[in-house]
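Q: Please take a close look at the aromatic residues in this structure and at what surrounds them. Which rings pair, and how are they placed?

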Amino acid sequence: ALKAKVEEMREKLPVITDLRNPSLKPRHWTQIEEIIQHRFDPQEPLTLQRLVDLQVFEYGEAIREVSGQASSEASLEAILKKVEDVWKTTEFVLFPHRESKDVFILGGTDDIQVLLDDSQVNIATIAGSRHVGPIKARVEEWGKQ
């Protein structure tokens with residue numbers, strides 16, 4: 001009897017893990033609610049028994065897909081944030097051009113070129129992902145820049 005209960009719990013653990021994914025955002029919870037055809041009440045404690053009563057474990061594969069999508073979106077957002085942060089802190093060195101007061105040339109372009117190449121690769125990678133949806137506008141804006 002104990003072995004059967006342990007086995008039953010082992011089958012439920014992946015779904016519980018997917019539901020505990022820290023990358024799940026409100027839009028993902030809306031998807032999960034549509035899958036299981038139940039709206040969660042934030043005041044209502046979400047217990048194992050409640051999940052069993054709602055037959056959530058019958059939708060394990062669909063929930064796993066939403067959770068995986070959330071993780072992918074989170075990693076894409078992290079890459080995009082890294083690109084944004086690099087350019088926010090990059091300083092451009094300017095030198096006066098000969099005797100001109102108002103004309104400058106950009107110095108130290110090798111490092112900037114490396115950053116630009118890295119950024120372009122990252123933006124292309126993000127843009128090519130099937131999970132780009134929620135940040136697509138930001139990615140396209142960076143692609144233009």
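A: Phe92 has 44% relative accessibility and therefore counts as partly exposed (buried is under 20%, exposed over 50%, partly exposed in between; 1.4 Å probe, protein chains only). The model is predicted, so local features need pLDDT of at least 70 and side-chain atom pairs 80 or more, while totals for chains, interfaces and linings use all residues. Numbering runs from 1 along each chain as its sequence is written, and side-chain values use heavy atoms, without hydrogens or water.

Searching the whole structure gives 2 aromatic pairs (Phe, Tyr or six-membered Trp rings with centres within 6.5 Å; planes under 30 degrees apart are stacked, over 60 edge-to-face, the rest tilted). Trp29 and Phe40 pair edge-to-face, with 5.9 Å between centres and 90 degrees between planes. Because Trp29 is in helix α2 (residues 26–36) and Phe40 in the loop between α2 and α3 (48–53), this pair ties together parts 11 residues apart in sequence (helices are DSSP runs of H or I, at least four residues, numbered from the N terminus). Trp29 is partly exposed at 24% relative accessibility, whereas Phe40, at 18%, is buried. Trp87 and Phe92 are stacked, because their ring centres are 6.4 Å apart and their planes at 20 degrees.

Beyond its neighbours within four places in sequence, Leu19 contacts Leu24, Trp29, Ile32, Leu51, Val56 and Ile63.

Key. Helix = DSSP H or I, 4+ residues; strand = E, 2+ residues; numbered from the N terminus. Contact = heavy atoms within 4.5 Å.
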